[in-house]
Amino acid sequence: MNSEGNQGAGWVVGIDAGGTRTRAVLADARDGRVLREGEAGPGNALTVPGPQLAAHLAEAVAAAVPEAMRARVRAVAGGFAGAARAPEEERGRVRALAGLTAALSRLGITTGAVEIHSDIEAAFAGAPGHPADGLALVAGTGVVAARIEGRALVATSGGDGWLLGDDGGGFWIGREAARAALRAADGRGGPTALTGTVGRALGIAAGVLPPAGGGCWAPARRAAYRAQLLPAVLDRPPVRLADLAPLVPDAAADEDEVAGAILREAVAHLARTVAALRPRPGEALVVTGGLTAPDGPLLAPLAQRLGGLTLVPVADGRAGAVALARLLTTGHRPPQDP
């Protein structure tokens, strides 16, 4: 959309910086209308090195904001994985602010209205009406739930990372898929379509995969399958097990009982993560992340499990980051969209 000729109140930039990619949105400061977007590499404030973080932010913002429009950017707000709005000295916030400040300076964007939020704060602000208080759940590769007051985190549950926690998230589901495949191969677990789909996803030789149609899977082929699967997993960064997560709802949709049990356990983990925040009956819960965003595979079963809460799915943190940037231009709550 071409809006260089619009001579209104100026522009705002919202940034959604996650563990996989960084996305920047240019929007009209008056009504939040999205004008342009840009995308670059990961933006986790704790895991991406500072210079690389600044480079990714600069790349995404440069793609979203043409040079001729940069002088009229009034505010920038970013939702960062690994960061939070408060306290001021919080490590992720410090690193995110340093990276964003460097990126904006590189691009000649001089507004002093710049704010850092966590990715969950940004996602929460993207719910209808741009709420300031309530509950949020991010269920993607990892899992974290939060209570938000005044648009800032005041309590969290989960978010412990793939090694120590994130039960029910994409990494956990992908790991369970690999474990189910190994157990089916050596007889500890029941038969499951995941043996074939996981094996193919990891590049296992077709000659050792279980026969299509449920024929005899000979012991020698089972042993060869395990001998190839284990190094295929161990040769990758552990978090890459999350790549296997989409195989589980696909198998469950075909009535695979092992896959269905994995998803039911994942939902139970997510429900316990939310319950730790002591939600009030009828309270709204903003949910996002690949598992619980609109059309996410766990959204419906989680809503059923948390029957006393109202689930509000949002796609990601982009709309919320724009709302928070608009808030900086008003000094009050974000203006309501028409």
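**Close-up views of a predicted model**

**View 1. Asp 295 sits in the loop that runs between strand E9 and helix H10 (299–305).** This is a predicted model, and here we look at one of its loop residues. Asp 295 is not a glycine, yet its phi is positive, near 70 degrees. With a relative accessible area of 79%, Asp 295 is exposed.

**View 2. Arg 278 belongs to the loop between H9 and strand E9 (284–288).** Its phi is also worth a look: about 55 degrees and positive, although Arg 278 is not a glycine. The relative accessible area of Arg 278 is 72%, so this residue, being over 50%, counts as exposed.

**View 3. Helices H5 (residues 170–186) and H6 (residues 194–201) pack with their axes 9 Å apart.** The angle between the two helices is about 115 degrees, and H5 passes H6 in a left-handed crossing. On the H5 side, the residues to look for are Ala 177, Ala 178, Ala 180, Ala 181 and Ala 184. They meet Leu 194, Thr 195 and Val 198 of H6. Sorted by class, this contact has 7 nonpolar residues and 1 polar residue, with no charged ones.

**View 4. Helix H6 has buried residues at Leu 194, Thr 195, Gly 196, Val 198 and Gly 199.** What do these buried residues pack against? Their partners are H5, helix H7 (219–234), helix H8 (247–253) and H9. Follow the chain just past the end of H6 and you come to Gly 203, which takes a positive phi of about 80 degrees.

**View 5. Glu 176 is a buried residue of helix H5.** Its relative accessible area is 12%, so Glu 176 falls under the 20% limit for buried residues. Where does the side chain of Glu 176 make a polar contact? Look to the side chain of Arg 179, which it joins through a polar contact of 3.0 Å.

View 6. At the start of H9, a side-chain oxygen of Asp 256 comes to within 3.2 Å of the backbone nitrogen of Val 258. Further along, the buried residues of H9 include Ile 262, Leu 263, Val 267, His 269, Leu 270 and Val 274. Ala 259, Gly 260, Ala 266, Ala 268, Ala 271 and Thr 273 are buried in H9 as well.

**View 7. Leu 97 is found in helix H2 (residues 91–107).** Is this residue buried, partly exposed or exposed? At 31% relative accessibility, Leu 97 is partly exposed. Setting aside residues up to four places away in sequence, Leu 97 touches Val 114 and Ile 116. The C-alpha atom of Leu 97 is separated by 7.8 Å from that of Glu 115, a residue 18 places away along the chain.

**View 8. His 117 is a buried residue of strand E5 (residues 114–118).** The relative accessible area of His 117 is 4%. Which residues does His 117 contact, leaving aside its neighbours within four places in sequence? Gly 78, Gly 79, Phe 80, Ala 83, Ala 84 and Arg 85 are among them. The list also holds Arg 151 and Leu 324.

Notes:
Residues numbered from 1 in each chain as written. Heavy atoms only, no water. Axes fitted to C-alpha atoms, helices over the stretch in contact; angles between N-to-C directions. Helix = DSSP H or I, 4+ residues; strand = E, 2+ residues; numbered from the N terminus. Left-handed = near helix turned anticlockwise from the far one by under 90°. Contact = heavy atoms within 4.5 Å. Nonpolar A, V, L, I, M, F, W, Y, C, P; charged D, E, K, R; others polar. Buried < 20%, exposed > 50% of the residue type's maximum accessible area, 1.4 Å probe, protein only. Polar contact = N/O pair within 3.5 Å; in protein donor to acceptor, adjacent residues only side chain to side chain.
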